Structures are given as C-alpha cells and as structure tokens.
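Please look through the model below before reading on. The paragraphs that follow take its parts in turn.

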Amino acid sequence: MTEHRPFPLSRRRLLSGAGKAAAAGLLAPALAAPLLSRPAFSAATAATAGDILKVGDQRSTIRSLLEASGQLKDIPYTLEFADFPAAAPVLEALNAGAIDAGFAGDAAHAFALSNGLPARIISAARSDPGCIGLLVRKDSPIRTVADLKGRTITAVRGSIGHYLVVAALKANGLSVSDATLAFLQPTEAKSAFSSGTVDAWAIWTLYVAQEVVAGTGRVLVDGRGLLNNNAFISATDVAIAQKRPLLQDYVARVAAARIWALGNVEQYARIWGDLVKVTPEIAVAAFTLERFRPVAVDDGIVADLQTTADFYTGIGVIQKPFTAAAHADRSFALDAGLLAQSARAG
C-alpha cells in the first residue's frame with residue numbers, strides 16, 4: 001500500500017527528439033513491466049502493512065514510475081512518499097532521519113556524503129548528460145559560454161547544475177571568478193531567471209523541458225562531454241540495518257519500472273505530468289532528454305562518483321577527504337536478467 005505526503009538545444013530539436021522516440025517504437029502501446037512484474041523477494045513476502053518504508057522523491061519522479069508501471073500493486077508493506085523540489089532537501093531529510101531512503105543525483109550525493117550524511121548508496125541509474133542544461137532566456141544576447149563573463153548565473157549549490165557551470169566555464173577558458181554565482185533553489189531560480197535578475201540558469205530535466213517547450217529559454221550548453229549524470233537511491237545506515245527486505249524490494253520495483261518506462265514513454269509521461277502539473281508535451285520532452293536506466297552499483301559507478309567528488313574538492317566545495325567506495329553498498333544486487341534488459345533498452 002502507498003501513502004502520499006504532503007549541445008545548444010532548441011524547442012524544435014527537443015520536440016523532434018520526442019518524435020523520433022515515437023518513430024523508434026519508444027512510444028509503443030503499453031508493455032508489461034519487465035521481469036519483476038511483481039517483485040516478490042522471499043524476505044519481503046514476510047512484511048506486513050504495519051511495516052513502513054519512508055522514501056524521498058523529487059517532483060514525483062519515482063512515485064509516477066511505480067504508479068504507471070503497476071509496481072505499486074501488491075506491496076506487502078506501507079510505502080510512504082515525501083516529495084521534494086530538488087536533491088538537496090531530499091538528502092537533508094535523509095540526514096535528519098525523516099525518511100529511510102532518498103533519490104538524488106551523484107553531485108548532490110557527493111556533497112552530502114562528504115558532509116557526514118549517515119547513508120549509503122544502494123541503487124544506481126545512468127542517464128543522458130544532455131538533460132542537464134545551462135539556460136539563457138530566448139532573447140538573451142548571450143550566444144557562447146565566453147559571453148557569460150561578468151554575468152550572473154544561478155544554480156543549486158552542490159548540485160549537478162553547479163557542476164555544469166564550473167565545468168563549462170573551465171572548458172571555455174574561464175574560471176568561476178569570471179562570473180557571479182547566485183545559489184538558489186529551483187523555484188526561486190526560475191523566478192529570478194524569468195524576471196531577468198540572473199542571466200543564466202543551470203538546471204536539469206523537467207525545468208529544462210519547461211523553458212524550452214514554452215519558448216522562454218534556450219540551452220546554451222548541456223552536460224554532454226562535461227559530466228556524468230548518474231542518480232542514486234541511498235538509504236540510511238539505520239534503515240539498511242532494520243529494513244533491508246523492504247529496501248531490496250523497493251529498489252527492484254524502481255528498476256523494473258524504469259525499464260518499463262523506456263518502452264512506454266507516453267503512458268508514463270501522462271501520469272508523471274498529472275502529478276507535477278505539466279503538459280504531456282513537456283513530460284514527454286523531459287523524459288526523452290533524460291532516459292534513466294538502472295545499472296549495478298559497480299566499479300564504474302563508484303569511479304564516476306569519485307570523479308565528481310574530486311571535481312568538487314578541486315573547487316573547494318568539498319573540503320574533506322572523500323572515498324567513494326566507502327559510501328556504496330553493493331549488497332542490494334539487482335537481477336542479472338533485469339540489468340541485461342536495461343542495457344538493451346539504453
């Protein structure tokens with residue numbers, strides 16, 4: 001049971017990407033969720049509705065995946081969702097023990113874990129770095145990254161957007177001191193961007209799709225070639241010790257739902273769009289940009305997290321020694337067949 005608590009990229013290119021997805025069969029009629037149509041780990045079957053797993057979500061991403069794919073059915077425990085606008089508050093809730101597990105990107109994880117977050121990564125997914133964009137307004141005179149010199153850029157501190165800003169500036173011969181960084185959460189950043197208070201906005205997926213589809217913003221540069229864009233589900237040390245069967249069941253359902261969504265974009269986007277109050281056009285465009293697929297928490301994932309942490313250490317955001325391997329729990333292994341299916345879908 002569930003409980004809910006309260007590349008320069010143009011609009012034409014973004015929408016044509018969704019059209020190509022349809023032509024390739026990615027918008028095909030609904031398919032059954034892969035392999036784990038009803039994950040039933042022996043340990044989880046002993047769970048009851050009295051057992052509660054509290055999970056943190058961002059803009060209903062995970063909840064909508066589970067709902068659309070049918071993975072919310074027949075859960076033998078109570079699943080409570082807490083929805084947040086970005087990764088930072090998810091990880092703050094995890095740090096406070098308000099939730100058992102949370103979904104957030106690798107950059108935010110590196111920042112939080114380096115500051116003592118008492119949690120470990122138990123599940124991973126990869127996506128197209130092109131879904132992370134440095135936006136300027138459609139009518140902005142800014143045409144290249146070099147034009148950002150002396151300008152004000154907003155991002156969430158410690159986020160993948162922050163990473164993109166620094167990486168893009170460095171790749172174009174500039175430093176962070178050549179621009180002014182204004183650290184704002186997405187809602188405040190969107191307002192500042194719309195009003196012209198800031199010149200550029202480094203943000204991700206749904207926010208990028210909203211601006212591009214509406215024709216109010218354009219992507220100056222995206223994350224391709226500049227960063228990894230992995231996302232994790234991490235769980236508190238207490239939850240890992242006390243709720244392992246529930247966590248194992250949960251990450252398996254999320255992985256199966258992600259693979260299902262790759263073949264059922266329109267059906268997923270309709271449910272996600274309803275939850276976050278955006279049009280189906282925006283939801284499809286956002287999903288087409290991102291295309292997360294589940295992967296194992298393996299050496300490659302750990303190496304990517306270390307690279308991200310090292311980057312942040314180099315610019316002074318992380319100020320303590322960071323060993324990525326110490327923050328990854330590889331014992332929540334996904335089914336090998338599901339991982340093979342994910343690789344084909346990706």
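A residue is called buried when its relative accessible area is under 20%, exposed when it is over 50%, and partly exposed in between (1.4 Å probe, protein chains only). Helices (H or I, at least four residues) and strands (E, at least two) are DSSP runs, numbered from the N terminus. This is a predicted model, in which local features need pLDDT of at least 70 and side-chain atom pairs count only at pLDDT 80 or more, while totals for chains, interfaces and linings use all residues. Residues are numbered from 1 along each chain as its sequence is written, and side-chain values use heavy atoms, with hydrogens and water left out.

Helix α9 (residues 244-262) is mostly covered, with 17 of its 19 residues buried. From its first C-alpha to its last, α9 reaches 28 Å, close to the 27 Å expected at 1.5 Å a residue. The expected span of a helix is 1.5 Å times one less than its number of residues.

Next come the strands. Two strands pair if DSSP finds at least two bridges between them. Strand β4 (101-105) is largely enclosed by the rest of the structure, because four of its five residues are buried. β4 runs parallel to strand β2 (residues 52-58), to which two bridges join it; Val-55 stands opposite Ala-101 of β4. β4 also runs antiparallel to β11, with five bridges between them, and here Gly-105 stands opposite Ala-231 in β11.

Strand β5 (residues 119-126) likewise has a buried majority: six of its eight residues are buried, so β5 is largely enclosed by the rest of the structure. Seven bridges join β5 to β11, and the two run antiparallel. Ala-119 has Thr-236 as its bridge partner in β11. β5 also pairs with strand β12 (residues 293-295) in the antiparallel sense, over three bridges, and Ala-124 stands opposite Val-295 in β12.

What lines the largest cavity? On a 1 Å grid over the protein atoms alone, a cavity is a set of points where a 1.4 Å probe fits but cannot get out, and lining residues have an atom within 4 Å of a point. Grid points are joined across faces, edges and corners, and a volume is the space filled by probe spheres set on the points. The largest cavity holds about 340 Å³ of space. Its lining has 24 residues, of which Gln-58, Phe-103, Trp-204, Thr-205 and Glu-290 lie nearest the centre. β4, α4 (106-114), α7 (205-214) and β11 (230-236) each supply at least two lining residues.

By class, this lining has 14 nonpolar, seven polar and three charged residues. Ala, Val, Leu, Ile, Met, Phe, Trp, Tyr, Cys and Pro count as nonpolar, Asp, Glu, Lys and Arg as charged, and the others, Gly among them, as polar. Domain 1 (52-127 + 229-345) and domain 2 (130-222) each give at least three residues to the lining; the domain bounds come from an automatic or database domain assignment.

Some single residues remain. Ser-64 lies in helix α2 (residues 61-69) and is buried, because its relative accessible area is 0%. Ser-64 and Ile-271 are 207 residues apart in sequence but 6.1 Å apart in space, C-alpha to C-alpha.

Most residues other than glycine have a negative phi. Asp-74, not a glycine, has a positive phi of about 60°. It lies in the loop between α2 and β3 (78-84) and counts as exposed because its relative accessibility is 62%. Arg-291, also not a glycine, has a positive phi of about 50° and lies in the loop between α11 (280-290) and β12.

Technical notes. 1 Å grid on protein atoms, 1.4 Å probe; cavity = no way out; pocket = protein on both sides within 12 Å on 5 of 7 lines; lining within 4 Å.
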